[in-house]
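Hi,

Here is the structure I said I would pass on. Have a look at it first, and then read my notes below.

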Amino acid sequence: MSANDTLVTDPPAAAVRAEEVSMVFPAPDGAELRALADVSLDLPPGAFCGLVGPSGCGKSTFLMLIAGLYRPTTGRITIDEEQVVRPWDALGVVFQRDALLEWRTVWDNVLLPIEVKRLDKKKYRDRATRLLELVGLTGFEGFYPGELSGGMRQRVAICRSLIHEPRLLLMDEPFAAVDALTREKLNFDLLRLTAESQTGRGTTVVFVTHSIEEAVLLSDQILVMSPRPGKILRLIGNDLPKPRTLATRSEPRFHALVDDIRSAFHSMGLV
Ligand SMILES: Nc1ncnc2c1ncn2[C@@H]1O[C@H](COP(=O)(O)OP(=O)(O)O)[C@@H](O)[C@H]1O
Ligand SMILES: [Mg+2]
């Protein structure tokens, strides 16, 4: 990507804070189900935060809270110091299932957020072309989701989540349903797509994953959560140099960080 062909745009990435956020759901038997307890987080603009923790510990709930789709029971969440009280506009989301619309082509799926937000489609055509190029989908613009592999579908979903220049990207186990090799490829696609974040512009990312290796490869900060009610067990600053490449995975420091997190899981009796 050359300097004048960059995906960086004017809106800066968002700063995200969670201040002692707790979430209690009503349980079916009338009791209370405590999903999150006193979770705090301080993400500077452009940071990539990896969130790992056992199943059911409240990771998805935390993303829903940041997205403004749930309100916390106690505590508060702010984006750029403004309290989140409704879904935020400059937000991109990618879930485990890609949620592409089967009756729309790749191109029309990518541009869907522009239509929904009633923005000028013409202005986003070049960006759509560039995003698809960056993930190796040039030539597939006219294909329908049913004609694509799982990995290709997920790449379309990532392009769609980034088309409207989100300042914050929330990803909930986005690569859980694809095979290991494709997943590795998607990891590097994502790093390339959010690379501008290193300059404090581009996109802040909160990324939920089951894979410790994936969290270490991608993140600047790694949050390790305890079993429900989810608390922050460890907050690990990831000092691995950037850009992260295939070679990153062979660095001793990479393995030290993975072991560190694995032992945190071990201490919870989860490995
Ligand atoms: N809308 C909801 N209503 C009631 N309980 C919920 C709701 N969403 C999640 N939970 C419960 O909160 C806990 C955390 O769920 P979740 O955030 O999905 O965990 P994770 O994503 O870490 O697997 C679970 O026990 C789940 O059953
Ligand atoms: Mg979940």
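Which elements each supply at least two residues of the shell around ligand 1? They are β2 (32-43) and α1 (59-67), where helices (H or I, at least four residues) and strands (E, at least two) are DSSP runs, numbered from the N terminus.

Before the rest, some housekeeping. This is a predicted model, so to speak a computed one: local features need pLDDT of at least 70, side-chain atom pairs count only at pLDDT 80 or more, and totals for chains, interfaces and linings use all residues. Residues are numbered from 1 along each chain as its sequence is written, while chains are lettered from A and ligands numbered from 1 in the order in which they are written.

Back to the ligand. The largest share of its shell, 3 residues, comes from α1. Among the residues around ligand 1 are Phe-25, Leu-33, Lys-59, Ser-60, Thr-61 and Arg-228 (a residue is near a molecule if its C-beta atom, placed from the backbone, lies within 6 Å of it). By type, the shell has 4 nonpolar, 6 polar and 2 charged residues; here Ala, Val, Leu, Ile, Met, Phe, Trp, Tyr, Cys and Pro count as nonpolar, Asp, Glu, Lys and Arg as charged, and the others, Gly among them, as polar.

Now the sheets. β2 also belongs to an open sheet of 4 strands, in the order β2-β1-β4-β5, with antiparallel pairing (two strands pair if DSSP finds at least two bridges between them). Its edge strands are β2 and β5 (82-83), each pairing on one side only. β4 (residues 74-79) and β5 are joined by 2 bridges, and Thr-78 has Gln-83 in β5 as its bridge partner.

The other open sheet has 6 strands in the order β6-β7-β8-β3-β9-β10, and its pairing is mixed. Its edges are β6 (91-94) and β10 (232-237). β9 (residues 221-225) runs antiparallel to β10, with 5 bridges between them; Gln-221 is partnered with Gly-237 of β10.

Finally, the domains, with bounds from an automatic or database domain assignment. Domain 1 covers 8-90 + 168-183 + 194-271, and domain 2 covers 98-164. Their contact takes 6 residues from domain 1 and 4 residues from domain 2 (two residues are in contact if their C-beta atoms, placed from the backbone, lie within 7 Å). On the domain 1 side, 5 of those residues are nonpolar, 1 is polar and none is charged. The C-alpha centres of the two domains lie 25 Å apart.

Cheers
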